[in-house]
Amino acid sequence: MVPRALIALVLATAPAPSAETIADALARLSEEAEAFALIAPQVLSQETCRQKAAKVQRGLHLGAAPAPGAPPQLSFRVREITSEYGFAALQDSKDGLHEFRRVISVDGRSIETASEARRKLSLALADPGDRERRRLLRDFERWGLEGAVTDFGQTILLFVRRRLADYQFTPGESGRIGPDQAHAINFRQSGGTQAFRIFDRGDQVVHQPLEGRVWVRDSDSLPLRIELRSVRKQERRSLVDVAVIDYAMSAHGALLPASVLHRGYVGEHMVVENSLQYSTFRRFAASAEIKFTESDEPPPKN
């Protein structure tokens, strides 16, 4: 249980009538985050990523202002990638868990069977070194998604106990999340370095302070949804990323991601949308007798 003194410190600026309610919700949130950290490395799911990415015409470059009287003409390319999906840590990384994928199909074209992808992914996640896990990251990038986003599934880890003091919390609105009556807790990052990673236009990994809100169920403060927003400047335009991550209680005793919706904007124009859905998570076990080979790499993207 999170100490009440810590919660009181975090909520110093919150209205007094709401402080106790938010304290209970943050205590539950941090407990679920720590359960996630224990269970997530032991489970796999199947992820379906549907991306709609803008193809920019009329010579408009993302992040630059268009010529006067010449609004951008956008058309969209749609991609779909299905992967086996899981979590693991990297030995030389201080960011905790990361997402890893082994691709099954791309735009309806089969790459390898689901069972083979599951076997190879489980071995990579269980390997004591980082070589296979880093190769998974490189391989997934080669499939050419535009403005691809990673590491949203473990967003709940932003709120483990030791990181609560990195945020300012205030009470938010009430509403419904699916069938549940819920209320929001607004947050703004004021310290720490943890942030979601955006593979930006031009393959630059961007770390930005976060703001957003956490939706918790009224009846028991169970976290149901985390919404994120990050804004940064590039030349004369604002680049905005927003994401909604829905969680559901799994049979393994921890909240795990059910879906992610991410949208990226340049100015007022949406230029990319990533919709990710997850199947039921299942525990995995890897056999030490199965060896990796270099032929496991997918073919290069066209």
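This is a predicted model: local features need pLDDT of at least 70, side-chain atom pairs count only at pLDDT 80 or more; totals for chains, interfaces and linings use all residues.
Q: OK, so how far apart are N and O in the salt bridge of Glu47 and Arg101?
A: The N to O distance is 2.6 Å, between the two side chains.

Q: Where do those two sit in the chain?
A: Glu47 is in strand 1, residues 43-56, and Arg101 is in strand 3. They are 54 residues apart, so the pair links distant parts of the chain.

Q: Is that pair buried or exposed?
A: Glu47 is buried, at 1% relative accessibility. Arg101 is buried too, with a relative accessible area of 6%.

Q: How many salt bridges turn up in the whole structure?
A: The search finds 23. Some of them share partners: Arg102, Glu112, Glu116, Arg119 and Lys120 are joined into one network that way.

Q: And what does Arg28 pair with?
A: Glu32, with the closest N and O atoms 2.9 Å apart. Both are in helix 2 (residues 16-39), and because they are four residues apart, about one helical turn separates them. Glu32 counts as buried, at 8% relative accessibility.

Q: What about Asp220, which side chain does it meet?
A: That of Arg217, in a salt bridge of 2.7 Å, N to O. Asp220 is partly exposed, with a relative accessible area of 31%.

Q: Switching to Glu99, where is it?
A: Glu99 is in strand 3, which covers residues 97-106.

Q: Buried or exposed?
A: Buried: Glu99 has a relative accessible area of 2%.

Q: Which backbone nitrogens does its side chain reach?
A: The side chain of Glu99 reaches the backbone nitrogen of Asp151 at 2.7 Å. A polar atom of that side chain also lies 3.4 Å from the backbone nitrogen of Phe152.

Q: What else is Glu99 in contact with, beyond its neighbours in sequence?
A: Leaving aside residues within four places, its contacts include Tyr85, Gly86, Phe87, Leu137 and Tyr278. Thr150, Gly153 and Gln154 are also among them.

Q: Last topic, helix 4. Which residues are buried there?
A: Helix 4 runs over residues 131-141, and Glu132, Arg133, Arg135, Leu136, Asp139 and Phe140 are buried. Down the helix axis they fall within an arc of 155°, so they line one face of the helix.

Q: What covers them?
A: The cover includes strand 2 (74-89), strand 3 and helix 3 (114-126).

How values were computed: Residues are numbered from 1 along each chain as its sequence is written. Side-chain values use heavy atoms; hydrogens and water are left out. Buried means under 20% relative accessible area, exposed over 50%, partly exposed in between (1.4 Å probe, protein chains only). A polar contact is a pair of N or O atoms within 3.5 Å; within protein, one must be able to donate a hydrogen and the other to accept it, and residues adjacent in sequence count only if both atoms are side-chain atoms. Contact means heavy atoms within 4.5 Å. The arc is that of the directions from the helix axis to the C-beta atoms. A salt bridge is a side-chain nitrogen of Lys or Arg within 4 Å of a carboxyl oxygen of Asp or Glu.
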